[in-house]
Amino acid sequence: MDKESSKKNYYINEYAVVDDNVEIGEGTKIWHFSHIQSGAKIGKKCVLGQNVNVGNNVVIGNYVKIQNNVSVYEGVTLEDYVFCGPSMVFTNVKDPRSKYPQVGSQFYIKTLVKEGASLGANCTIVCGITIGKYAFVGAGAVVTRDVPDYALVVGNPAKIVGWVSEAGKKLDFDANGFAYCERSNKKYKLENNRVIEVE
């Protein structure tokens, strides 16, 4: 695959395995010992570190970074600019048993990680949930329910402990529920335990 990839606008390390029927976007880099399975679609300018597994029919957006030792199983969708920290874990079955195997897309429970979310090192995302836009999951957290946009969650089970901007900076809201992030140059409003970007 390395010779083929040199003719295209992406990089695949010679020790990576890319199955047939895979789409890879321009500028994407796939590093050592990674495996991209049939039907996967990976967007442009993504970086997949060492020992990353992308399951059958997984959809990954543009500018996604997946650090070493992450498996993105079938049923998981990553939107643009998602960050997956080292050794974080996705699941796609809620009641796995070796004696009663559940193999095939009809068994897999879908998980959606929305644009710009960051999933910290060694966190676990239990299947069947949605991680909101620009949410931040702390290292080692175990996420068992949906995470709202811009929420900062930590712990086991993960709980909201604050809110972050699009740039990942902690937001400090004033008495009227407004906060400003200098890094993203954006203003936010906290209302009914939800954060939205405002003009």
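Modeller: Let us start with Pro157, which sits in the loop between β21 (151-154) and β22. Please keep in mind throughout that this is a predicted model.

Colleague: What kind of peptide bond joins Asn156 and Pro157, and what is omega there?

Modeller: Asn156 and Pro157 are joined by a cis peptide bond, with omega at about -5°.

Colleague: What makes the phi of Lys45 worth a remark?

Modeller: Lys45 has a phi near 55°, which is a positive value in a residue other than glycine. In general, most residues other than glycine have a negative phi. Lys45 belongs to the loop between β6 (41-42) and β7 (47-48), and Asn69, in the loop between β10 (65-66) and β11, also has a positive phi, near 65°.

Colleague: Is Ser165 buried or exposed, and how do you know?

Modeller: Ser165 has a relative accessible area of 0%, and because buried means under 20%, Ser165 is buried. Ser165 is placed in the loop between β22 (159-163) and β23.

Colleague: Which residues is Ser165 in contact with, once its neighbours within four places in sequence are left aside?

Modeller: With those neighbours left aside, Ser165 is in contact with Tyr134, Tyr150, Leu171, Cys181, Ser184 and Tyr188. To be called a contact, heavy atoms have to lie within 4.5 Å.

Colleague: And what can be said about Tyr73, which lies in a loop?

Modeller: Tyr73 lies in the loop between β11 (71-72) and β12 (76-78), and at 34% relative accessibility it counts as partly exposed. Leaving aside neighbours within four places in sequence, Tyr73 is in contact with Asn53, Val58, Phe90, Thr91 and Asn92. Of these, Asn53 is 20 residues apart from Tyr73 along the chain, while the C-alpha atoms of the two are separated by 7.7 Å.

Colleague: How do you know that β24 pairs with β25?

Modeller: Pairing requires at least two bridges between two strands, and five bridges join β24 (residues 186-191) to β25, so the two are paired, and they run antiparallel. In that pairing Tyr188 stands opposite Glu197 in β25, and Lys187 stands opposite Val198 in β25. β23 and β24 also pair in the antiparallel sense, over four bridges, with Phe178 opposite Lys189 in β24.

Colleague: In what order do these three strands form an open sheet, and why are β23 and β25 said to stand at the edges?

Modeller: The order in this open sheet is β23-β24-β25, with antiparallel pairing. β23 (178-181) and β25 (194-198) each have a single partner strand, so one side of each is left without a neighbour in the sheet, and that is what places them at the edges. On average, neighbouring strands of this sheet are turned by 30° against each other, direction ignored.

Colleague: Which residues take a positive phi in the two hairpins?

Modeller: In the hairpin of β23 and β24, which has four residues between the strands, Asn185 takes a positive phi near 60°. In the hairpin of β24 and β25, which has two residues between the strands, Asn192 takes a positive phi near 55°.

Colleague: What makes β14 and β17 a parallel pair?

Modeller: Two bridges join β14 to β17 (residues 124-125), and the strands run parallel; because at least two bridges are needed, the two strands count as paired. Val89 has Thr124 in β17 as its bridge partner. Three strands form this open sheet, in the order β14-β17-β20, and β14 (89-90) and β20 (142-143) stand at its edges, each with a single partner strand.

Colleague: What lines the largest pocket?

Modeller: The largest pocket holds about 310 Å³ of space and is lined by 16 residues, of which Tyr81, Gly116, Ser118, Glu166 and Ala167 lie nearest its centre. By class, the lining has nine nonpolar, four polar and three charged residues.

Note on methods:
Residues numbered from 1 in each chain as written. Predicted model: local features only at pLDDT ≥ 70, side-chain atom pairs only at ≥ 80, totals over all residues. Heavy atoms only, no water. Axes fitted to C-alpha atoms, helices over the stretch in contact; angles between N-to-C directions. 1 Å grid on protein atoms, 1.4 Å probe; cavity = no way out; pocket = protein on both sides within 12 Å on 5 of 7 lines; lining within 4 Å. Points joined across faces, edges and corners; volume = space filled by probe spheres on them. Nonpolar A, V, L, I, M, F, W, Y, C, P; charged D, E, K, R; others polar. Buried < 20%, exposed > 50% of the residue type's maximum accessible area, 1.4 Å probe, protein only.
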